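Have the sequence and the 3D view ready as you read.

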Amino acid sequence: QVQLVESGGGVVQAGGSLRLSCAASGRTFSRYVMAWFRQAPGKEREFVTAITWGGGDTYYADSVKGRFTISRDNAENTVYLQMNSLKPEDTAVYHCAANLVTPFGSSVRMVGSYEYWGQGTQVTVSS
C-alpha cells in the first residue's frame, strides 16, 4: 500500500512559479513509477508528467514541456513538480499518482495505469 499526500499548491500570477511536492508512505517507494495528473473544472483528468523508479526516464505532456520539471528523491520518499512560466490554463487540481509496474509506452500517460492516487492540491493561475 502506498499513501500519497500532495502539497505546495496556491494562487500565482501568470508567468510565476510553484513547486508541488508529493510525499509517499511505504518502504518500497523507490520501486514505483510516479506521475502528476491534473483536472480542471468540467474537464477530464489529464496527464502532466511521469518519472520512472530510478529517475532515468521522464515523460511530459506537450502542453507543459519546457516549463515543468518532475524529479524524485527516493531517500525522502518524495516526488516534486517544478512549474515555471505558469499560464491561466494550468489552473487545476494536481494529483500525484503511483504504480508499482511501469506502464508500457503510451500507457504511462493513462489514468487507468496508476493504482494509487493522492487527494490533490489546487493550483490557480491568475491572468
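## Words to know

Buried means under 20% relative accessible area, exposed means over 50%, and partly exposed lies in between, using a 1.4 Å probe and protein chains only. A salt bridge is a side-chain nitrogen of Lys or Arg within 4 Å of a carboxyl oxygen of Asp or Glu.

This is a predicted model, where local features need pLDDT of at least 70, side-chain atom pairs count only at pLDDT 80 or more, and totals for chains, interfaces and linings use all residues. Residues are numbered from 1 along each chain as its sequence is written, and side-chain values use heavy atoms, with hydrogens and water left out.

## A linked network

Side chains of opposite charge can pair when their charged atoms come close. The structure holds four salt bridges, and a network of them links Arg38, Glu46, Arg67 and Asp90.

Arginine 38 is buried, at 6% relative accessibility. One of its partners is glutamate 46, with the closest N and O atoms 2.6 Å apart; glutamate 46 is partly exposed at 35%. Arginine 38 also forms a salt bridge with aspartate 90, where the closest N and O atoms are 2.9 Å apart. This pair links distant parts of the chain, 52 residues apart: arginine 38 is in strand 4 (residues 33–39), and aspartate 90 is in the loop between strand 8 (78–83) and strand 9 (92–99). Strands (E, at least two residues) are DSSP runs, numbered from the N terminus. Aspartate 90 is buried, at 0% relative accessibility.

## An exposed pair

Aspartate 62 and lysine 65 meet in a salt bridge through their side chains, at 3.3 Å from N to O. Aspartate 62 is exposed, with a relative accessible area of 67%, and lysine 65 is exposed too, at 51%.

How values were computed
Helices (H or I, at least four residues) and strands (E, at least two) are DSSP runs, numbered from the N terminus.
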